[in-house]
Amino acid sequence: MDKPYSNTADEPQIPLGSPPKSRFWLRVKRRILRHVWLSRIGLLVGLAAAIYLGIVFFGFILGRFGAPSYAKMLSNFLFVPRDKIASQNGRVNFLILGKAGAGHPAPDLTDTIIFSSVSLESPSAVLVSLPRDVWVPAIRAKLNSAYYWGKTMQQEGGGLVLAKSSVEEIVGLPIHYGVVVDFSGFKGLIDVVGGIEVDVERSFVDEKYPIPGKENDECGGDTEFMCRYETLRFEKGKTMMDGETALKFVRSRNAEGDEGTDLARAGRQQKVIVALKNKILSPKVFLSPKKILGVYREMKKSIETDIDGATAAILIRRILESRDSVEQHVVSEEFLTNPPISPRYDNQYVFLPKEGDWEALHKWISCLVGISCPQDK
């Protein structure tokens, strides 16, 4: 009697009566299993290669941040050692500055000035925007020029040093670290993460948003020079913005009504910064090596900071934990007074402390960050 199988005893058996298609796939399976150990070795090699490439990739990113060792950064991120980061009363305070950047008539003026405080004890953070027009007697100039004057001293980090010390006098708290964002590269960062969703608080129209490169256009004799401007329109509600749109949203200063003030502009800047932070920390971006590498490249081009890699690991961990508990504030007019334009202030529009000093503001900010509030006494 004929054998019902066509193969040898040590191979997967193929019934002689099987359809041609089944017999084909059984032969393929037999050949693969014949080399099962070779296949397993190949899988192990592939896995090892993937792990190696992952280490190389993350090592490249972390190493470029100046970390003394990857292990130290990872340890700081996981265990958040409080003695490895400067702080006071359980909080890390840092200054966020936004400068106009290349292509702007005054590239080193920082019209965005935000005092930030992150807790090391509970997942919370506070952002307080300061008006750019605050007069700083120590430098006889407005606050938005402190970074510029510090930079002109030609000392390493001089811009951040002077800006931090100037803001310390106003907020009444030490500032441990600083970050300067070049807005000329800011839009690239937003585009890399696929845009951001911003909650526009009030609808507004700005009919005089300057068009770059047209500052000296004669506009064919138009006495109002309207060809130098474009009209911006933003509607109330959640709006998806690309980098260019977000940049216009934070820079607009000629809208009618409440949105035409510097205080409103400071509020918009906070909204964009928080929206960008949330997008970067979202799984869609944070877990994408391609997007994280793009974020790194854009940040490398547009950010200056005195935060080293090991310290950044701790701060990033705390910011991650605080992402759903961020308070946003703007220094209101109740703390400020606007004196008449005069030679005393170099004929500039400036803000001064309403009570003659910043003590009232110091108390308000101290309460915001949970150090001391009037009701505590």
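N89 sits in the loop between helix 3 (70-79) and strand 1 (91-99). Its phi is near 55°, a positive value in a residue other than glycine. The model is predicted: local features need pLDDT of at least 70, side-chain atom pairs count only at pLDDT 80 or more, and totals for chains, interfaces and linings use all residues. Residues are numbered from 1 along each chain as its sequence is written, and side-chain values use heavy atoms, with hydrogens and water left out.

**Positive phi in loops**

- N89 counts as exposed, at 52% relative accessibility. Exposed means over 50% relative accessible area, buried under 20%, and partly exposed in between (1.4 Å probe, protein chains only).
- D346 also has a phi near 55°, again a positive value in a residue other than glycine.
- The loop that holds D346 runs between strand 13 (336-337) and strand 14 (352-353).
- D346 counts as partly exposed, at 36% relative accessibility.

**The chain overall**

- The protein chain has 12 helices and 14 strands. These are DSSP runs numbered from the N terminus: H or I of at least four residues for helices, E of at least two for strands.
- The chain has 377 residues, and buried residues make up 42% of them.
- Take the contacts in the chain with a separation of 6 or more: residues 24 or more positions apart account for 63% of them. Contact means heavy atoms within 4.5 Å.

**Helix 6 against helix 7**

- Two packed helices are described by the angle between their axes and the distance between the axes.
- Helix 6 covers residues 183-192, and helix 7 covers residues 243-251.
- Their axes come within 7 Å and cross at roughly 135°. Axes are lines fitted to C-alpha atoms, for helices over the stretch in contact, and angles run from 0 to 180 degrees between N-to-C directions.
- Helix 6 and helix 7 are therefore oblique to each other. Angles under 35 degrees count as roughly parallel, over 145 as roughly antiparallel, 65 to 115 as roughly perpendicular, and the rest as oblique.
- The crossing of helix 6 with helix 7 is right-handed.
- On the helix 6 side, the contact residues are F183, F186, K187, I190 and D191. They meet G243, E244, A246, L247 and R251 in helix 7.
- The residues of this contact divide into 5 nonpolar, 1 polar and 4 charged. Ala, Val, Leu, Ile, Met, Phe, Trp, Tyr, Cys and Pro count as nonpolar, Asp, Glu, Lys and Arg as charged, and the others, Gly among them, as polar.

**Disulfides**

- There are 2 disulfides in the structure. A disulfide is a pair of cysteine sulfur atoms within 2.5 Å.
- With bonded cysteines counted along the chain, the pattern is 1-2, 3-4.
- C219 pairs with C227, with their sulfur atoms 1.9 Å apart.
- The C219 and C227 disulfide is left-handed, because the torsion about its S-S bond is about -80°.
- C219 counts as buried, at 14% relative accessibility. C227 counts as partly exposed, at 25%.
- C367 is joined to C373, at an S to S distance of 2.0 Å.
- The C367 and C373 disulfide is right-handed, because the torsion about its S-S bond is about 95°.
- C367 is partly exposed, with a relative accessible area of 25%. C373 is buried, with 11%.

Technical notes. A crossing is left-handed if the near helix is turned anticlockwise from the far one by less than a right angle, and right-handed if clockwise.
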